[in-house]
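Trainee: I am new to this structure. Please take me through one part of it closely.

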Amino acid sequence: MTTACMTCDLTSGARPLPGGRLGETEHWLVEHTVGPLGAGTLIVKPFRHVVHVADLDERETAELGPLLRRVSAAVTEVMTPEQVYVCLWSHAKGRPGHVHFVVQPVTRSDMDRFGTRGPDLQAAMFRLGEQPDPVDVEVVCDRVRAVLAAQNS
C-alpha cells in the first residue's frame with residue numbers, strides 16, 4: 001500500500017526500488033535514485049520520516065557526515081566521475097517532503113551534453129526525463145554495495 005510519501009514507500013517496499021538497498025546504518029538508508037539523474041546517482045535518507053534537517057535527532061546527525069563521505073567515496077571509486085555532487089532534496093509537489101541527500105557522479109560528458117553544471121545540470125536532466133537503463137543501475141548497485149561492504153569490514 002502506498003502512502004503520500006514516495007520516499008517512505010520505497011523504504012517499505014510498497015514501490016519497486018531499482019538496485020535494491022545498497023547499505024544502511026542504524027538511522028540511514030542508501031539506495032539508488034528513482035528518476036533521470038543517471039546510473040550511479042544514490043540517495044541517502046533517514047529511515048524516519050523527517051522533513052527538515054533541523055528535525056534530525058543527535059544520533060541521526062552523528063551518522064550523517066561519515067555516511068555521506070563513505071557513500072561519496074564509493075560512488076567515486078565505482079563511477080570515476082569528475083565530481084560527486086551531494087545535495088539536499090526535500091520537496092514533493094512544492095511542499096517539504098522526506099529529507100534525502102542526492103549523491104550524484106558527474107562527468108565532463110554530462111556537463112558537455114547538457115551545456116551546464118550544478119543545479120542547472122540536475123534540472124536539465126529532469127527536463128529531458130531520460131531514465132537510466134535498469135541493467136546499468138543493477139550493475140552499478142552491485143559494485144557500490146560491494147565497496148560499501150568492504151568499507152565496513
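Which residue in β5 does Val44 stand opposite?

Mentor: Val44 stands opposite Phe101 in β5. Keep in mind that this is a predicted model. Now look at the strands around that pair. β3 and strand β5 (residues 95–106) pair in the antiparallel sense, over three bridges. β3 also pairs with β2, again in the antiparallel sense, over five bridges. There, Lys45 of β3 is the bridge partner of Leu29.

Next, the side chains of β3. Leu42, Val44 and Pro46 point one way. Ile43 and Lys45 point the other way. Five of the five residues of β3 are buried, so the strand is largely enclosed by the rest of the structure. Buried here means under 20% relative accessible area.

Now turn to helix α5. β3 (42–46) is among the elements that cover its buried residues. Others included in that cover are β1 (21–24), β2 (28–32) and α2 (58–79). The buried residues of α5 are Val137, Val140, Cys141, Val144, Val147 and Leu148. They cover an arc of only 130° around the axis, which puts them on the same side of α5. The general rule is that an α-helix has 3.6 residues a turn, so residues three or four places apart point the same way.

Last, the helix itself. α5 runs over residues 134–152, which is 19 residues. At 1.5 Å a residue, α5 should span 27 Å, and its end C-alpha atoms are 27 Å apart, which agrees. Asp133 caps the N-terminal end of α5. A side-chain oxygen of Asp133 lies 2.6 Å from the backbone nitrogen of Val135.

Terms used:
Residues numbered from 1 in each chain as written. Predicted model: local features only at pLDDT ≥ 70, side-chain atom pairs only at ≥ 80, totals over all residues. Heavy atoms only, no water. Helix = DSSP H or I, 4+ residues; strand = E, 2+ residues; numbered from the N terminus. Expected span 1.5 Å × (residues − 1). Buried < 20%, exposed > 50% of the residue type's maximum accessible area, 1.4 Å probe, protein only. Arc of directions from axis to C-beta. Contact = heavy atoms within 4.5 Å. Polar contact = N/O pair within 3.5 Å; in protein donor to acceptor, adjacent residues only side chain to side chain. Pairing = 2+ DSSP bridges.
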